[in-house]
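Biologist: Can you walk me through this model? I'd like the overall build, then the pocket, then a few residues.

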Amino acid sequence: HFSVENPEEIANEQAERIYQALLETMVDGYALSGNPVARAYQSWARYSRFPYRSRAHGNRFVNNYANAIAETYGRYEQAGTMPAGAILVKDNVTVTNNGTMAPGALLIMEKMPAGFRPDGGDWRYTMIMPDGSLFGTTGGQDAARVEFCHTCHKQAEQTDYMFFLPGAYRR
């Protein structure tokens with residue numbers, strides 16, 4: 001855990017330093033889940049230059065990653081429809097009002113074969129907590145707990161249910 005004096009005014013470089021300092025702990029914790037994405041994502045393309053605040057994800061500092069199957073993600077709004085097997089990941093660092101920063105959940109968005117969930121673009125959402133416990137997964141354990149992911153991403157139906165990071169943070 002880290003603490004910052006002014007949590008509302010964290011500079012990009014400071015957010016990156018804290019992220020890098022917490023990264024090994026984060027990945028080790030996620031890996032306890034047994035989900036192969038939990039370790040693999042660190043070898044994938046990272047699309048965010050710095051961790052950025054995501055209001056949609058609890059005002060946490062997030063980073064965007066995508067596997068090779070999802071390589072068109074880097075075209076952002078022109079990415080098109082992802083093929084089955086595409087995986088997008090957000091890892092994140094939480095920030096409390098008093099400035100404490102700690103590992104947040106691993107958020108996984110995986111494109112499944114056609115018919116998995118047609119009303120959601122066939123995406124499966126999985127959330128793994130920092131201790132490796134499963135918060136929930138679409139169509140599986142505790143699916144109701146990640147239904148809010150589907151509800152929110154439904155707003156981005158025109159971009160295959162994907163939202164994209166702010167332009168200033170794109171690589």
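This is a predicted model: local features need pLDDT of at least 70, side-chain atom pairs count only at pLDDT 80 or more; totals for chains, interfaces and linings use all residues.

Biologist: Fine. How many helices and strands does the chain have?

Modeller: There are 3 helices and 9 strands. Starting at the N terminus, the order is β-α-α-β-β-β-β-β-β-β-β-α.

Biologist: What does the radius of gyration say about the chain?

Modeller: It agrees with a compact globule, because 171 residues would give a radius near 16 Å and the chain has 15 Å. Along the principal axes, the C-alpha atoms fill a box of roughly 50 × 35 × 30 Å.

Biologist: What share of the residues counts as buried?

Modeller: Of the 171 residues, 49% are buried.

Biologist: On to the pocket. What volume does the largest pocket have?

Modeller: About 730 Å³. Its lining has 34 residues. S54, A56, H57, K90 and L107 lie nearest the centre.

Biologist: Which elements give two or more residues to that lining?

Modeller: Strand 3 (52–54), strand 4 (60–66), strand 5 (87–95), strand 7 (106–111), strand 8 (123–128) and helix 3 (147–153). Strand 5 gives the most, with 5 residues.

Biologist: How does the lining of the largest pocket split by class?

Modeller: It has 21 nonpolar, 9 polar and 4 charged residues.

Biologist: Now single residues. N63 sits in strand 4. Is N63 buried or exposed?

Modeller: N63 counts as buried, because its relative accessibility is 0%.

Biologist: What does N63 touch, beyond residues up to four places away in sequence?

Modeller: Y19, R46, S48, F50, P51, V89, K90 and D91. K90 also came up at the pocket, among the residues nearest its centre. As for spacing, N63 and R49 are 14 residues apart along the chain, with 8.2 Å between their C-alpha atoms.

Biologist: Next, Y161. Where is Y161?

Modeller: Y161 is in the segment after helix 3. It counts as buried, because its relative accessibility is 6% and the cut-off is under 20%.

Biologist: Which residues is Y161 in contact with, leaving aside neighbours within four places?

Modeller: M109, P118, D119, G120, G121, W123, Y125, H153, K154 and A156. T72 is 89 residues from Y161 in sequence, and their C-alpha atoms are 14 Å apart.

Biologist: Where is Y76 found?

Modeller: In the loop between strand 4 and strand 5. Y76 is buried, with a relative accessible area of 7%.

Biologist: And D142? What is its phi near?

Modeller: The phi of D142 is near 55°, again positive in a residue other than glycine. D142 lies in the loop between strand 9 (134–137) and helix 3. D142 is partly exposed, at 35% relative accessibility.

Biologist: What about R39? Which element holds it?

Modeller: Helix 2, residues 37–40. R39 is partly exposed, with a relative accessible area of 48%.

Biologist: Why "partly", at 48%?

Modeller: Because exposed means over 50% and buried means under 20%, so R39 at 48% falls in between.

Biologist: Got it. What is R39 in contact with, aside from neighbours within four places in sequence?

Modeller: V27, D28 and A31. R39 and V27 are 12 residues apart in sequence, and 6.2 Å apart from C-alpha to C-alpha.

Biologist: Last one, M129. Where is its place?

Modeller: M129 is in the loop between strand 8 and strand 9. It is partly exposed, at 27% relative accessibility. Setting aside neighbours within four places in sequence, M129 is in contact with Y30, A105 and F135.

Biologist: How far is M129 from F50?

Modeller: Their C-alpha atoms are separated by 22 Å. Along the chain, M129 and F50 are 79 residues apart.

Terms used
Residues are numbered from 1 along each chain as its sequence is written. Side-chain values use heavy atoms; hydrogens and water are left out. On a 1 Å grid over the protein atoms alone, a cavity is a set of points where a 1.4 Å probe fits but cannot get out, and a pocket is an open set with protein on both sides within 12 Å along at least five of seven lines; lining residues have an atom within 4 Å of a point. Grid points are joined across faces, edges and corners, and a volume is the space filled by probe spheres set on the points. Helices (H or I, at least four residues) and strands (E, at least two) are DSSP runs, numbered from the N terminus. Ala, Val, Leu, Ile, Met, Phe, Trp, Tyr, Cys and Pro count as nonpolar, Asp, Glu, Lys and Arg as charged, and the others, Gly among them, as polar. The radius of gyration is taken over C-alpha atoms; the globule rule is 2.2 Å times the number of residues to the power 0.38. Buried means under 20% relative accessible area, exposed over 50%, partly exposed in between (1.4 Å probe, protein chains only). Contact means heavy atoms within 4.5 Å.
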